[in-house]
Amino acid sequence: MTLVLSRSPGPQSAAALVAAASGASVAALGGLVVAGWLTLAVVLIQVLPGFPPMQYNTALGFMISGAALLAAALDLRRPTGMLGGLAAVIGLATVCQYVFQMDLGIDDLLVETYILTGVSNPGRMAPNSALAQSLIGAALLSLSWRSHSARWLLASALLGAIVIAIGTAALVGYATGIPGAYGWGPFNQMAVHTALGFLLLGGGVVGLAWNAAQAASSEAPPWLPTLAGVAVVAVTMCMWYALAQDPLPEPRRGVASRSPNPESALPTVTLAAGLLSALLLGWSLRLAQTSRRHARSLAASNQALTEESHAREQAEETVKQLAAIVESSDDAILAITLDGLIRTWNPGAARLYGYRPEDVIGKHISLLHARKHAEAGIIEKLAKGERVSQTETVNLTKDGREIDVSLTISPMLDLKGQMVGISTIARDITDRKLLDRMKDEFVGTVSHELRTPLTAIKGFIELVLDGDAGPLVDTQREFLEVAARNSDRLGSLINDILDVSRIEAQRLEIRTEPTDLTVVLEEVVSTFRVMAHTKGLSLRHEIASLPKVLGDGPRLVQVFSNLMSNAIKYTPKGEVGIRATETQAGVEVVIHDSGIGLTQEEQGRLFTKFFRGANPVVAESGGTGLGLVIAKAIVEKHRGTIDVESRPGEGTRFRVILPVYSPSSTEIPAQVA
Amino acid sequence: MAKILVAEDEKQIAEMISFKLTNAGHQVIRAPDGEQAIALAARERPDLILLDVMMPGLNGLEVLRRLKNDRDLRSVPVIMVTAKGHERDVLNGLRGGAADYVVKPFSLKELSARVELALRREPPATAS
């Protein structure tokens, strides 16, 4: 953090504002006094006649350090450092002149000193002013340091505090008439407005350091007690020195007496009292800070506690609501361990299975399984984090009744995501299953009932057409042929509807045995050869010797007949063909034609119920739009695949792949319904 | 010319088959259910039996079982007539001794062809 905001230069906080004002005032004061020296305006230099003057260099120093403080308040680091360094150099040089009793020629460098009130070295900055000047320069330099670490801020603040102390001591000296407080030894004395200036500079620096520390930690800097202690000690030292120099505060001016009165207890008392109060002040501030911190952390932990208890209440409320849902659910909801032991059992489960919770909790879940290994593989799936949704199976109730249930099985994870159990929601679908069976039976009955009259219609038409009922004229023959074709169409429609209804009820059953596809395909080819030739199409077939597949012969005939009949129906001229080969994927049967083809859009919808192509050729042919749906379902029941490739106007290519039979794979496992 | 027993509960279908077979020069006798089929078969000793699977009372498969258990009737060839979707039962029936089967709705031409085939394969039992 910076002293003030870093986005745009300008004071942000009150401290920065005050510091900026102080810096500006001090710089202005320095400027005024410099002007005073140049224009002989004694009032500006001395304030009151008889008072010590503010030396030209001091005024110059004020201009510099005032500007530095202003820069610091505006967060202009580089100018702060440079100006602060310059101020420190001026102060230090002057201090060196005093300490090493030499003259660097800087005192009268710019102006000839003409006021000599309380002056030992004409033109030279008073020693206390020089010291304060060095310190304030150093403090500003330290403030400009790149990182506002606590240490650098403390250094700035301490230096600033000492400067305040020096200024305060001098002001107290003026107020109480103790020259020792503003004039050290026999040397030049600090002017009254110099003291004021240092007070402002010191205050500004301390304020800025405080501000920065507060910005970093949002509370009073921890070094506050030290700072206060040092400030009080510094004032005390100054006063002690002044009193020791000049024990009796007589209202007199001029050079202080150089014979301190050792008899007087006053300086010692002052010193002791000052040090003691510094100690007390520092200590009490520390206490206050500590207790405030404690109070704050207490408030924070109180807040945390309140939040936690609120969260716990909410969690409890949620748990209660969830429990209510589980309790009131019609579905059986249970939790089991990874070993399959039942852990929870809701009233829905009690209703569905007939067991009370105390009957089953701790028992193994296989208690409910009507068939062995019904749930095999589910735990492995769950371990991979998958949800097993809507598995249908058969469960066993307490009284041995088999019920159809739909299961939703999910892993139960702990906070680390480790699977610790399994939750199962079981819904009774016996009614739905019953409905499915009834629908299936209904469709079966209806289609049988439709078939009997259809057989009669077809048969009698045939009798008439065959001439069994006497000779026919051509128109009669033609019309009866239309009737015959439509009765054929009605017959296949009934068959297809029956199959589709089985597929939809997931009751399409296939009975598989090792089957020679060559035989199946030869049968299909021989059936369709005449149809192809009648239409003027050539029928090519390449059927290699093929390994056996595990299949349902009549159903496979149905599939390939459907594909073959489509190929012939939708090919006005050219050829149709069937080719069977063994590939890596299994036995591949390709049925192709040079017919009307399918658009991309048609290919996408090809395997949906009652879909029929838009080509007029399709409309002319009698189709139901169910054949491919059935073919796909049958192929998939064989664990095979069927796909299509086509281009409008060029032809269509259906590919069926069936897995090869291997004696180890005994039977296609019944798929979960 | 052969004697053919048509066991079929649907009157019109029975009529239709009779008409076709009679035109083809055969003698046709008709039974409307399973019991009468067995009785007629025993009495008339047909050369061939056309047996519908779905009949009230004794169904075709049961009739077939009884015929095949009858020493005198065992050799009479039987063609089963079944509805589409029930072929599987008939295939079982073939193992039980049926000579052939046709699926409803069938073509009369096909039926005639199968009848002739069965008659040629099996010398008429009444020829004795």
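At 15% relative accessibility, A:Glu392 counts as buried, where buried means under 20% relative accessible area, exposed over 50% and partly exposed in between, with a 1.4 Å probe and protein chains only. The model is predicted, so that local features need pLDDT of at least 70 and side-chain atom pairs count only at pLDDT 80 or more, while totals for chains, interfaces and linings use all residues. Residues are numbered from 1 along each chain as its sequence is written, chains are lettered from A and ligands numbered from 1 in the order in which they are written, and side-chain values use heavy atoms, with hydrogens and water left out.

A:Glu392 forms a salt bridge with A:Arg432, the closest N and O atoms being 2.5 Å apart; a salt bridge is a side-chain nitrogen of Lys or Arg within 4 Å of a carboxyl oxygen of Asp or Glu. Because A:Arg432 lies in helix α13 (residues 430-465) of chain A and A:Glu392 in strand β3 (residues 388-396) of chain A, the pair ties together parts that are 40 residues apart in sequence. Helices (H or I, at least four residues) and strands (E, at least two) are DSSP runs, numbered from the N terminus. A:Arg432 itself is partly exposed, at 40% relative accessibility.

Over all chains, the whole structure holds 31 salt bridges. One of them joins the side chains of A:Asp359 and A:Arg356 at 3.6 Å, N to O; A:Asp359 is buried, with a relative accessible area of 18%, whereas A:Arg356 is partly exposed at 49%. Both residues belong to a network of salt bridges that also links A:Glu358 and A:Lys398.

Turning to helix packing, the axes of α8 (residues 224-245) and α9 (residues 266-328) of chain A come within 8 Å and cross at roughly 175°, the axes being lines fitted to C-alpha atoms over the stretch in contact and the angles running from 0 to 180 degrees between N-to-C directions. The two helices are therefore roughly antiparallel to each other, a term used for angles over 145 degrees. Helix α9 of chain A also contains A:Trp283, which is exposed at 55% relative accessibility.

As for the backbone, most residues other than glycine have a negative phi. A:Leu40, by contrast, has a positive phi near 60°; A:Leu40 lies in the loop between α1 (14-39) and α2 (42-46) of chain A and is exposed, at 57% relative accessibility.

Definitions and conventions:
Parallel < 35°, antiparallel > 145°, perpendicular 65-115°, else oblique.
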